[in-house]
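Me: I'd like to go through this structure with you. Can we start with a local detail and work outwards?

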Amino acid sequence: MQLTLAPAELARRAGVTFARDHDSLDDFDAAVIDLGEGRSFGLQHHLNAPHPGTVVLLEAGNDEGVRDVVRVLKLKRQEITWAAPQLVRAVERAFAGRKAKGLADALIATAATTAAVAATVKLGMTAGMRGSKKASRSGGRKTSG
């Protein structure tokens, strides 16, 4: 799931502590929320991501996990901007008592848009990587643009 909230807001709201790390994409802030009894979920925010917010890492099809995320992070439905198709119905059920009519349709539409954006970003990253290899071979400096 993708949330509109930055790590600082999640820390303020729910007392979540993030740690900085690095992967092949970028530096990121991450946290693991351990709920006990083998239940947990992760949060990750890449510092230079093209879209603001935090990603929730959760096992697909986990209704109880989605309810935990909503409860622990004190989420409002508009703070969830995308959910994997396997989680859409669970998100809808998590907000069932909160007048979540139409949420599943909105999340499915957002999922299609996100997939298209991800494909575009991947193509751009591939082209950028080729340009950066060329710049390093020629000894030239790469400029951002």
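This is a predicted model: local features need pLDDT of at least 70, side-chain atom pairs count only at pLDDT 80 or more; totals for chains, interfaces and linings use all residues.

Me: OK. Which residues of helix α1 are buried?
Reply: In α1, which spans residues 7–14, the buried ones are P7, L10 and R13. Buried means under 20% relative accessible area, exposed means over 50%, and partly exposed is in between (1.4 Å probe, protein chains only). Helices here are DSSP runs of H or I with at least four residues, strands are runs of E with at least two, and both are numbered from the N terminus.

Me: Why do they sit on the same side of α1?
Reply: Because they cover an arc of only 130 degrees around the axis. That arc is taken from the directions from the helix axis to the C-beta atoms. On the other side of α1, A8 and R12 are exposed.

Me: What do the buried residues of α1 pack against?
Reply: They pack against β3 (27–36), β4 and β5. Contact here means heavy atoms within 4.5 Å.

Me: Which backbone oxygen does the R13 side chain reach?
Reply: The one of L73, at 3.4 Å. For a polar contact, the cut-off is a pair of N or O atoms within 3.5 Å; within protein, one must be able to donate a hydrogen and the other to accept it, and residues adjacent in sequence count only if both atoms are side-chain atoms.

Me: Switching to charges: how many salt bridges does the structure hold?
Reply: There are 9 in the structure, with a salt bridge being a side-chain nitrogen of Lys or Arg within 4 Å of a carboxyl oxygen of Asp or Glu. One of them joins the side chains of E9 and R12 at 2.6 Å, N to O. Another pairs R13 with E9 at 3.4 Å, N to O.

Me: How far apart in α1 are E9 and R12?
Reply: 3 residues, about one turn of the helix. R13 and E9 are 4 residues apart in α1, again about one turn. An α-helix has 3.6 residues a turn, so residues three or four places apart point the same way.

Me: And are E9 and R12 exposed or partly exposed?
Reply: E9 is partly exposed, at 22% relative accessibility, while R12 is exposed at 61%.

Me: What about R71 and D68, what do their side chains form?
Reply: A salt bridge, at 3.2 Å, N to O. Both lie in helix α2, 3 residues apart. R71 is exposed, with a relative accessible area of 51%, but D68 counts as buried at 7%. As for salt bridges that share partners, they join E9, R12, R13 and E79 into one network.

Me: Now the nonpolar core. Which residues in the largest one touch the most other members?
Reply: Out of 26 residues, M1, F41, L43, V66, L73 and L75 do. β3, β4, α2 (63–72) and α3 (88–94) each supply at least two residues of this core. A nonpolar core is a set of buried Ala, Val, Leu, Ile, Met, Phe, Trp, Tyr and Cys residues joined through side-chain atoms within 4.5 Å.

Me: What does L43 touch?
Reply: Not counting residues up to four places away in sequence, the partners of L43 include L10, V16, F18, I33, V55 and L73.

Methods
Residues are numbered from 1 along each chain as its sequence is written. Side-chain values use heavy atoms; hydrogens and water are left out.
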